[in-house]
Amino acid sequence: MKKVFDLFFKKHKASEVRKSDFAFVFFLRCLAVLVILIFASLIYYLWDGSSAILKHSGWGFFLGREWDPNSDQFGALPFIYGTLLTSVVALVIAAPIAISAAILLTEIAVQKIAKPFGFLIEMLAAIPSVVYGLWGIFVLAPFVRDYIQPFLGKYFSFLPFFKGPPFGIGIFTAGLILAIMILPTITAVCREVFLAIPTSLREGVLALGSTRWEMIKTAVVEAGFSGILAAIALGFGRAMGETMAVTMLIGNRPDISLSLFSPGATMASVIANESPEATSNLHVSSLAAIGFALFLVSLGVSGLARLITKITKRRFAK
Amino acid sequence: MILSTRANFRLLRRRRIKDRIMTGVIMLLSLIAIIPLFMIFYHIVVNGISAINFDFFTQLPVPLGEIGGGMGNCILGSIILISIASLGAVPIGVFGGVYLSEYKHERTASLFRWVVDLMMSMPSIVIGLFVYTSIVVPSKSFSAVAGGIALGLLMLPIVAKTTEEVLKLTPLHVREAGLALGLSRWRVILFIVLRGRKSAVITGIVLALGRIAGETAPLLVTAFGNRNWPTSLMQPTPSLPVQIYNYAISPYENWHKQAWAGALTLVVLIFFINIFTRVVFTRNDLGRNTQ
């Protein structure tokens, strides 16, 4: 209690701080504490909400393969699997493109081109998720069904990932739309990292007689490698939390299938899909548990990413 | 190792060719990055423009089978939801930003900064789920209040963070000058620091509005939707993004058209907000350019 008291009423000399100042700081502290309390209650509500299902089926809930709300069967594994798979597909597609865009922005393009190009990349981040979903349903999914999936099925069918009939809607298309959506995030972080690399390093490499590509390879990509990893981790966190576009394109079937062409479901998509209709206590509780897990994992990933960026930047600042 | 001149020359040429090729690859990949943007714009405009008319902004959705109708109720609903969100998020966010920037060494401030950072990186559906379990389930009803709170929780950290960033740019000597005049600290903060960066702070708020205007997932589980005009704050409330979603996954041609028109409205709005903020953000109220 005394600690809480001290937090608000730290001993000040009356001559140092006027009363009005004191009231102002007190007001600001109250607001900050209010927000902190809201955040704490968020954690509490998610934890409290998920306690019923965890009591019912224990931690095995996250390993259960069956999800059937009608017969009170709740297992979260299909959603965890779907989330991981779509995010990995998105990263595999987005990472090389996003890193190239960041290299173009910082190393190759002149200001006149880099500025509008950077703006366009940022606009990709501003488009709402639901618009991506709409575009995905009517443009991307038919395109994937008619061209990309038959192509992959024809030449790469020896891999288990590209088997099955091309629906258009499914894990692959969801990953593709995610790739477009997380691209600006990865590019922005990479760009920040590349800009933090001192120019002298680049000049040194060039002075040794290297070509520009050799300079980019050694002084930018290799020097900023940990930063690139952080950017990818951040993109991964974004991809896991994305909801609407994925919900509209993944097909929403809680299956575990190795094929990328088959429909699936993610943790975020099942929450968005079933929360409005969930009636039984256990159903609401399992959705809360999935949300809590999503919350913890995405916080962990983005926290890790931020830590890496900080360390990288500090190293270059010296 | 001594290379003959010719071998040396060949190596150099190979390195140059590799340089050219890799530069080309980087340019090509970067080009691929922005192709979706143009395609999305193209399809939204082509498909959406035909359904945009006066009715679209003022009329209710028509029953199945009829042609026409509009999203008037959704637009009104969105305005209501965003207003509720701003009512809470703007004052708390701005003062939170002031606290973060002006009292950054306090222990509460560093905890607060940590919380704001966490809230920023949280998936929006998790915020929706929180409001769903804490407000919607106990009150047994989707409502505008629940939706507004969810949007407000998304908006708050953005406003607080941009306000902090903006106020940090004010040079220390401006504060010192105010204090030297014998003003109390809160007057310096409110009437010199905050007022001096007024337009930048407002820009941050507008940017946050643009960010939440397109949020769908949290609204889907809190405000839900409605095919009539919103009449009460405690009832399910329609909103533009949720209606776009409902129409997009429906099997009806007329509804698809409406969804495209809704998307066009939303994207044009957000595009203008982004350009507007870009123009204003580079201007400094203190008369100096920050960038």
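Helices here are DSSP runs of H or I with at least four residues, strands are runs of E with at least two, and both are numbered from the N terminus.

Before I go on, this is a predicted model, so local features need pLDDT of at least 70 and side-chain atom pairs need 80 or more, while totals for chains, interfaces and linings use all residues. Residues count from 1 along each chain as its sequence is written, and chains are lettered from A, ligands numbered from 1, in the order written.

Back to our pair. Two packed helices are described by the angle between their axes and the distance between the axes. For α3 (residues 77-108) and α6 (residues 171-196) of chain A, that's about 40° and 5 Å. The axes are lines fitted to C-alpha atoms over the stretch in contact, with angles from 0 to 180 degrees between N-to-C directions. The two helices are therefore oblique to each other; under 35 degrees would be roughly parallel, over 145 roughly antiparallel, 65 to 115 roughly perpendicular, and the rest is oblique.

What sits in that contact? You get 24 nonpolar residues, six polar and one charged. Nonpolar is Ala, Val, Leu, Ile, Met, Phe, Trp, Tyr, Cys and Pro; charged is Asp, Glu, Lys and Arg; the others, Gly among them, are polar.

Zooming out, chain A has 12 helices and zero strands. Its C-alpha trace spans about 80 × 70 × 30 Å along the principal axes. Of its 318 residues, 49% are buried, that is, with 20 or more other C-beta atoms within 10 Å of their own C-beta, placed from the backbone (12 or fewer is exposed, in between is partly exposed).

Now, where chain B meets chain A. The contact takes 64 residues from chain B and 65 from chain A, with contact meaning C-beta atoms, placed from the backbone, within 7 Å. On the chain B side, α1(B) gives the largest share, 18 residues. By class, that side has 46 nonpolar, 13 polar and five charged residues.

Last stop, α9 of chain B, residues 198-213. This helix reaches 22 Å from first C-alpha to last, close to the 22 Å expected at 1.5 Å a residue. 12 of the 16 residues of α9(B) are buried, so it's largely enclosed by the rest of the structure.

Definitions and conventions: Contact = placed C-beta atoms within 7 Å. Expected span 1.5 Å × (residues − 1).
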